[in-house]
Amino acid sequence: MQLIDNIPVWGPPDEGALSQIKTCAKTADKVALMADDHKGYAVPIGGVVAYKNSISPSGVGFDIACGNKAVLLDIPGSALRADITRSWMSFGRQSALGSDGANAEKVDHPLLRVPRGSARPLLR
């Protein structure tokens, strides 16, 4: 691990990813850059960005559509944690998106019209 501008960096950084994590560091509480990083859309792939009282949509899967999801619930966290498996399965059944096909609801949005396996970016 090395420190670059006070940012913990593992492995030799991609210059685009390093530039992005430096930008993220301006507003985040903590940042780091993991090995095998590369440039994303806003947060570098392999970037770790932590905020004390905020969530960054671009930091929870926006860049690579990795399936992370932020959900506002009307139950306390302790109740969710007590039965996380059942809760998670319920979210999946109610979601219109996902790879398991559990929900038959079809969603039409330009973002979702990119052919599977396409290398072009979803958003610009």
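Visitor: Which pattern does the protein chain follow, read along the sequence?

Guide: Start with the order of the elements. This is a predicted model. Its protein chain follows the pattern β-β-α-β-β-α-α.

Visitor: How many helices and strands are there in the protein chain?

Guide: The chain has 3 helices and 4 strands.

Visitor: How do strands β3 and β4 run, and how many bridges join them?

Guide: For a strand pair, look at direction and bridges. Here β3 covers residues 30-38 and β4 covers residues 45-50. The two run antiparallel, with 5 bridges joining them. They form a hairpin, and 6 residues lie between them.

Visitor: Which residue in β4 stands opposite A32?

Guide: That residue is V48.

Visitor: Where is the place of M1?

Guide: M1 sits in the segment before β1, the strand of residues 2-4.

Visitor: Why does M1 count as exposed?

Guide: Compare its relative accessibility with the cut-off. Exposed means over 50%. M1 has 62%, so it counts as exposed.

Visitor: What share of the residues in the protein chain is buried?

Guide: Now take the whole chain. Of its 124 residues, 21% are buried. The chain exposes about 9300 Å². Carbon and sulfur atoms supply 55% of that area.

Visitor: What share of contacts join residues at least 24 apart?

Guide: Count contacts between residues at least 6 apart in sequence. Among these, 21% join residues at least 24 apart.

Definitions and conventions:
Residues are numbered from 1 along each chain as its sequence is written. This is a predicted model: local features need pLDDT of at least 70, side-chain atom pairs count only at pLDDT 80 or more; totals for chains, interfaces and linings use all residues. Side-chain values use heavy atoms; hydrogens and water are left out. Two strands pair if DSSP finds at least two bridges between them. Buried means under 20% relative accessible area, exposed over 50%, partly exposed in between (1.4 Å probe, protein chains only). Contact means heavy atoms within 4.5 Å. Accessible areas come from the Shrake-Rupley method with a 1.4 Å probe; for residues, only the protein chains shown count as cover.
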